[in-house]
Amino acid sequence: MLRVLMFLVPLALSVYAFIDCISTKDDDIRHMPKPLWAILVLLFPLVGSISWLIAGKKRHPAGGAVGSAWSRGGGGRQWVAPDDNPEFLKSLDEDKDKDKDDRPGDGERGGSA
């Protein structure tokens, strides 16, 4: 069992690092170009993978991507539940008022006059 783990753990680490490397935006890569990092990870799986994870990629603050709606303080915006969001509640009131205006009144119903 230990022999299998000694093979699978570095393999899983190198596969993860390679996929992470090729899927990372060019702006978030540090020290070397993306193709060089990918070659390093493939040629030297253990050392290259650890190097990529430590030094190859810019790390963003915990809590989500920078500027996303899910980030908590990192991007300057904070996600708000719909029932706590005043803009969303206002849009519901506007939709309700618009539906009232679109419905026919008592005098506009069809029938005999």
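This is a predicted model: local features need pLDDT of at least 70, side-chain atom pairs count only at pLDDT 80 or more; totals for chains, interfaces and linings use all residues.
1. For α1 and α2 the angle is about 170 degrees, and the axes lie 9 Å apart. Because angles over 145 degrees count as roughly antiparallel, α1 is roughly antiparallel to α2.

2. The overall fold is simple to list. The chain contains 4 helices and 0 strands, and the order from the N terminus is α-α-α-α. Among the helices, α1 covers residues 2–23, α2 covers residues 34–43 and α3 covers residues 45–56.

3. Which aromatic rings pair, and how are they arranged? The structure holds 1 aromatic pair. Tryptophan 37 and tryptophan 52 form this pair, in an edge-to-face arrangement, with 5.5 Å from centre to centre and 70 degrees between the planes. The pair links distant parts of the chain, since tryptophan 37 belongs to α2 and tryptophan 52 to α3, 15 residues apart. Tryptophan 37 and tryptophan 52 are both buried.

4. Histidine 31 deserves a separate entry. Most residues other than glycine have a negative phi. The phi of histidine 31, however, is positive, near 75 degrees. Histidine 31 sits in the loop between α1 and α2. Is histidine 31 buried or exposed? Its relative accessibility is 65%, and exposed means over 50%, so histidine 31 counts as exposed.

5. As to burial across the whole chain, 14% of the 113 residues count as buried; tryptophan 37 and tryptophan 52 are among the buried residues. The chain exposes about 9,100 Å², of which carbon and sulfur atoms supply 61%.

6. On contact range: among contacts in the chain with a separation of 6 or more, 42% are between residues 24 or more positions apart.

Key. Residues are numbered from 1 along each chain as its sequence is written. Side-chain values use heavy atoms; hydrogens and water are left out. Helices (H or I, at least four residues) and strands (E, at least two) are DSSP runs, numbered from the N terminus. Buried means under 20% relative accessible area, exposed over 50%, partly exposed in between (1.4 Å probe, protein chains only). Contact means heavy atoms within 4.5 Å. Accessible areas come from the Shrake-Rupley method with a 1.4 Å probe; for residues, only the protein chains shown count as cover. Rings of Phe, Tyr and Trp (its six-membered ring) pair if their centres lie within 6.5 Å; planes under 30 degrees apart count as stacked, over 60 as edge-to-face and the rest as tilted. Axes are lines fitted to C-alpha atoms, for helices over the stretch in contact, and angles run from 0 to 180 degrees between N-to-C directions. Angles under 35 degrees count as roughly parallel, over 145 as roughly antiparallel, 65 to 115 as roughly perpendicular and the rest as oblique.
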